[in-house]
Amino acid sequence: MELFIIFIDIFCLVFVWAILLRAILSWFPIHPDNPLLIILHRITEPILAPLRHVIPRLGMLDITPIVAILLLWLTRYLVHTFLS
């Protein structure tokens with residue numbers, strides 16, 4: 001069980017950092033064909049795309065990365081709470 005908790009912990013942390021990096025890089029004029037952007041898009045889009053269908057944009061602000069990070073932190077918390 002401990003190995004599962006560690007796996008979920010690392011999985012969530014990697015996704016949180018990938019989403020944060022993608023959000024920060026979106027503030028800069030980087031060409032969309034940049035390999036780093038392509039990798040980050042492929043990693044994070046499976047989490048962000050379904051949330052975009054549920055969460056409306058606030059004007060020009062896309063809050064799905066914030067919601068995704070909160071859900072990942074909640075997942076970590078629940079796993080640690082109920083499986084530890």
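1. Phe15, Ala18, Ile19, Leu21, Arg22 and Leu25 of helix α1 are in contact with Leu36, Leu37, Leu40, His41, Ile43, Thr44, Glu45, Ile47, Leu48 and Arg52 of helix α2. Sorted by type, the residues of this contact are eleven nonpolar, two polar and three charged. The model is predicted, and this holds for every point below.

2. The two helices in that contact are α1, residues 2–25, and α2, residues 35–54. Their axes lie 9 Å apart, and the angle between the helices is about 105°. Angles of 65 to 115 degrees count as roughly perpendicular, and α1 and α2 are therefore described as roughly perpendicular to each other.

3. Along the sequence the pattern reads α-α-α. Taken along the principal axes, the C-alpha atoms fill a box of roughly 45 × 30 × 15 Å.

4. The protein chain has 84 residues, and 30% of them count as buried. Among contacts with a separation of 6 or more, 54% are between residues 24 or more positions apart.

5. Which residues have the most contacts inside the largest nonpolar core? They are Ile19, Ala68 and Leu72, in a core of 14 residues. Each of α1, α2 and α3 supplies at least two residues of this core. The largest share comes from α1, with six residues.

6. Leu72 deserves a separate look. Setting aside neighbours within four places in sequence, Leu72 is in contact with Cys12, Phe15, Val16 and Ile19. One of these, Ile19, is also listed with Leu72 among the residues with the most contacts inside the core.

7. Thr64 is placed in helix α3, which covers residues 64–83. Is Thr64 buried or exposed? Its relative accessibility is 0%. Buried means under 20%, so Thr64 counts as buried.

8. What does the side chain of Thr64 make a polar contact with? The partner is the side chain of Asp62, at 2.8 Å. Not counting residues up to four places away in sequence, Thr64 touches Leu48, Leu51, Arg52 and Ile55.

How values were computed: Residues numbered from 1 in each chain as written. Predicted model: local features only at pLDDT ≥ 70, side-chain atom pairs only at ≥ 80, totals over all residues. Heavy atoms only, no water. Axes fitted to C-alpha atoms, helices over the stretch in contact; angles between N-to-C directions. Helix = DSSP H or I, 4+ residues; strand = E, 2+ residues; numbered from the N terminus. Parallel < 35°, antiparallel > 145°, perpendicular 65-115°, else oblique. Contact = heavy atoms within 4.5 Å. Nonpolar A, V, L, I, M, F, W, Y, C, P; charged D, E, K, R; others polar. Buried < 20%, exposed > 50% of the residue type's maximum accessible area, 1.4 Å probe, protein only. Polar contact = N/O pair within 3.5 Å; in protein donor to acceptor, adjacent residues only side chain to side chain. Core = buried A, V, L, I, M, F, W, Y, C linked by side-chain atoms within 4.5 Å.
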